[in-house]
Amino acid sequence: MDWAGFAQQLASMARDLLAQESVDATLARITESATELVEGCDAAGNLVLHGGKEVRTLAPTDQLVVDSDRLQERLGEGPCFDVARAENDERVFRIRDFTREQPRWPEYAPAAHRLGVGSMMGFLLYTEDEELGALNVYSRRPGAFTEASELAGWLLASHAAVAFSSARTQAQLEHAVTTRHVIGEAMGILMGGHHLTEEQAFGVLRRYSQENNIKLREVARRVCEEGPLS
């Protein structure tokens, strides 16, 4: 492993990650970087596990990643589920050889091997409420990932976690600003059309939201597009 070259590539990737303009773009750069920086990696993807059951695959570089995630979801077992449920704060896993029996995942491992998985590693990116995010890297060859590969993946994932957190925070802030603007515009329409105070206009939006089980932002959007609520 050329660690000097790896360090230069990692530094370049870190700057590139922070320059991405959206969460999706950040995730895509993370998985692309995994195939470039982790020796033996043929494919990579970000898996999001919600509520311990529901799986989403983000920015996969190959269909193999999607198929593996769907398999874990269908069987309810696999390395990502173990990381989510671990009580010892496990952050990294490495499965060296899918041609060998894996007692820990008696159903997932042989099925994953039939999909074409030879070896696999995963790195926890974040946990939030009932949601987990992990970076998974795959090789079609058994024994492709060494201790050096695991260290490289862990270093990449550590940088990726920071960049991903920053991108999520920025997206949440932008969403909050947009929501506030839409609600303010809707309140203005109600105030002008019905001679309401600011507090009364907000009360109208909130009551409609609660009574119809519709998010406040969606109610405000309807007012902006269709006029006062009927």
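At 1% relative accessibility, Ser 149 counts as buried (under 20% relative accessible area, with exposed over 50% and partly exposed in between; 1.4 Å probe, protein chains only). The model is predicted: local features need pLDDT of at least 70, side-chain atom pairs count only at pLDDT 80 or more, and totals for chains, interfaces and linings use all residues. Residues are numbered from 1 along each chain as its sequence is written, and side-chain values use heavy atoms, leaving out hydrogens and water.

Ser 149 belongs to helix H6, whereas Ser 139 is placed in strand S5. Helices (H or I, at least four residues) and strands (E, at least two) are DSSP runs, numbered from the N terminus.

| Residue | Element | Relative accessible area |
|---|---|---|
| Ser 139 | strand S5 (residues 131-139) | 0% |
| Ser 149 | helix H6 (residues 147-194) | 1% |

Contact means heavy atoms within 4.5 Å. Leaving aside residues up to four places away in sequence, Ser 149 touches Val 38, Glu 39, Met 121 and Ala 144. Val 38 and Ser 149 are 111 residues apart in sequence, yet their C-alpha atoms are 5.6 Å apart in space. With the same exclusion, the residues that Ser 139 touches include Gly 40, Asp 42, Ala 144 and Phe 145. The side chains of Ser 139 and Asp 42 make a polar contact (3.4 Å); such a contact is a pair of N or O atoms within 3.5 Å, and within protein one must be able to donate a hydrogen and the other to accept it, while residues adjacent in sequence count only if both atoms are side-chain atoms.

Helix H7 has buried residues Ala 201, Gly 203, Leu 205 and Ser 209. Asn 213, with a positive phi near 55 degrees, follows H7.
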